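Please read the numbered points with the sequence and the model in view.

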Amino acid sequence: MVDFWWARPDLRYVGGRLHLAGTDLAQAAAAAGGPAFFYSGARVLDNLRRLRAALDSTGLDGAIRYAMKANRFAPLLTWMKLSGLCGIDACSPAEVRHAVQSGFRTGDISYTATSVSDADLAVLARQPDIWINADSLSMIRRLGRLMPGRAIGIRVNPALGVGYGENQLLRYSGDRTSKFGIYREQFPEALALAREVGLSVEGIHFHVGCGYLNGQLEAWGQVLRECRWFLEQVDRPRLVNLGGGLGVPHVATDQPLDLDRWAGLIRNAFAGLGVAVWVEPGDYIVKDAGLLMLQVTLAERKRNTLFYGVDGGFNLAIEPAFYSLPCEPVPAVLGAEPAIAWAPDALTPATIAGNINEALDLFAQDVPLPAMREGDYLALLNAGGYAAAMGSNHCMRGTATEHLLV
Ligand SMILES: Cc1ncc(COP(=O)(O)O)c(C=O)c1O
């Protein structure tokens with residue numbers, strides 16, 4: 001028996017062949033005929049239910065607004081909508097339209113965007129049920145002009161951030177001044193401006209980074225305490241939106257987020273204030289539900305490095321190259337039982353190289369792997385979030401197909 005840190009009932013080897021949601025991935029990838037994302041619908045529901053239960057355990061009114069920027073595959077959105085477990089957080093007019101086309105009611109959509117144009121606001125003005133979070137004085141001024149009387153939230157910036165480990169690329173708030181939200185020193189001005197232009201501020205919103213796990217929960221608790229100050233300045237507070245950022249394990253040493261502790265921090269910060277708590281995760285819902293299947297196009301040693309080249313690059317899954325997030329490659333078909341194929345002395349350090357002509361196009365470097373041959377299939381785990389959604393046609397390598405397994 002090998003204890004794969006990533007294995008679970010819907011993601012495991014069956015007879016030496018990797019399966020997701022009961023599907024033989026090598027077979028499914030061969031049928032797809034090129035790079036392909038597969039998403040486990042059951043895992044998405046598990047993630048939503050677990051989070052929903054944690055929110056309920058705070059004793060506060062709560063709602064999940066899935067941040068669709070993480071993955072906007074329409075069948076997946078409709079699957080979530082049908083579960084009744086979440087609404088949507090959108091960040092552009094096109095995302096709003098797509099959410100509606102996928103089945104979500106506008107009353108279940110919130111809008112949190114940055115560098116918002118007048119054209120963006122004109123779309124929102126036609127949708128009175130969408131909850132808007134304003135993230136600048138300019139946006140408040142223009143919202144007042146276009147939609148006087150509307151209730152809004154203000155995105156605040158507590159100047160504290162958390163993300164995956166020490167990775168600064170995934171922090172949206174902290175020592176360095178960021179473009180997101182309104183800082184403490186400008187908050188009174190923002191509230192006064194909202195009053196002047198006839199907006200009713202009824203909530204605050206913050207999103208301070210992506211990928212936090214248990215090691216960051218203490219710092220996240222400080223973020224909540226700081227944000228309570230913002231809430232206390234609001235005349236009619238009825239809503240606090242905690243943003244997303246809840247992380248999933250990327251390597252064997254990462255532990256799943258302790259949601260009991262997470263919920264306790266929320267209770268400590270906001271119980272008794274009469275506010276509802278919204279949370280808008282992306283990754284936590286979809287990341288570990290999806291993987292990217294690629295085919296090995298090259299198995300060759302160059303100097304002392306064994307390269308496995310694959311038929312997709314960072315244009316399909318950008319996070320390892322751009323955010324230095326660890327990526328777990330897993331061969332889809334083993335030549336022997338997992339215990340033999342993955343025995344430590346059967347493994348060779350290998351580097352997984354994409355097919356984009358840029359030096360940083362490496363998914364993983366020097367990771368111990370069972371031997372693979374050209375033509376074999378490989379799964380890159382944790383590709384359910386910010387992979388397909390951020391895809392590009394760089395080097396005209398095109399995109400991958402997407403498949404919901406239900
Ligand atoms: C405002 C806002 N909310 C939610 C999210 C979702 O973040 P995550 O996928 O880390 O949960 C993001 C991500 O960038 C965001 O900008």
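1. Does H207 count as buried or exposed? The model is a predicted one, and in it H207 has a relative accessibility of 14%. Because the limit for a buried residue is under 20%, H207 counts as buried. Its place is the loop that runs between strand 11 (200–205) and helix 8 (217–233).

2. The surroundings of H207 deserve attention next. Leaving out residues up to four places away in sequence, H207 touches R155, Y172, G243, G244 and G245. With G244 there is also a polar contact: a polar atom of the H207 side chain lies 3.0 Å from the backbone nitrogen of G244.

3. In the side chain of Y172, an N or O atom is 2.9 Å from an oxygen atom of the ligand. For G245 the backbone is involved, with an N or O atom 2.7 Å from a ligand oxygen. In the side chain of Y386, an N or O atom is 2.5 Å from an oxygen atom of the ligand. The ligand taken alone exposes 400 Å², and the protein buries 97% of that.

4. The side chain of S178 reaches the backbone oxygen of Y172 at 2.7 Å. S178 is situated in the loop between strand 9 and strand 10 and is buried, its relative accessible area being 18%. Residues up to four places away in sequence aside, S178 touches N157, Y172, S173 and Y183.

5. A159 is found in the loop between strand 9 (151–157) and strand 10 (182–183). Its phi is near 60°, a positive value in a residue other than glycine. Most residues other than glycine have a negative phi. A159 counts as partly exposed, at 31% relative accessibility.

6. A21 likewise calls for a check of its backbone. Although A21 is not a glycine, its phi is positive, at about 50°. This residue is in the loop between strand 2 (17–20) and strand 3 (23–24), and with a relative accessible area of 32% A21 is partly exposed.

7. Which residues of helix 5 (residues 118–125) are buried? They are D120, L121, V123 and L124. Seen down the axis of helix 5, these buried residues fall within an arc of 155°, so they line one face of the helix. Their packing partners are helix 4 (93–101), strand 7 (109–112), strand 8 (131–134) and helix 6 (137–146).

8. The loop between helix 8 and strand 12 (239–241) contains R238, which is partly exposed with a relative accessible area of 44%. Apart from neighbours within four places in sequence, R238 is in contact with W131, A151, E202, G274, V275 and A276. R238 and G181 are 57 residues apart along the chain, and their C-alpha atoms are separated by 19 Å.

Key. Residues numbered from 1 in each chain as written. Predicted model: local features only at pLDDT ≥ 70, side-chain atom pairs only at ≥ 80, totals over all residues. Heavy atoms only, no water. Buried < 20%, exposed > 50% of the residue type's maximum accessible area, 1.4 Å probe, protein only. Helix = DSSP H or I, 4+ residues; strand = E, 2+ residues; numbered from the N terminus. Arc of directions from axis to C-beta. Contact = heavy atoms within 4.5 Å. Polar contact = N/O pair within 3.5 Å; in protein donor to acceptor, adjacent residues only side chain to side chain. Areas by Shrake-Rupley, 256 points an atom, 1.4 Å probe, with all protein chains shown as cover.
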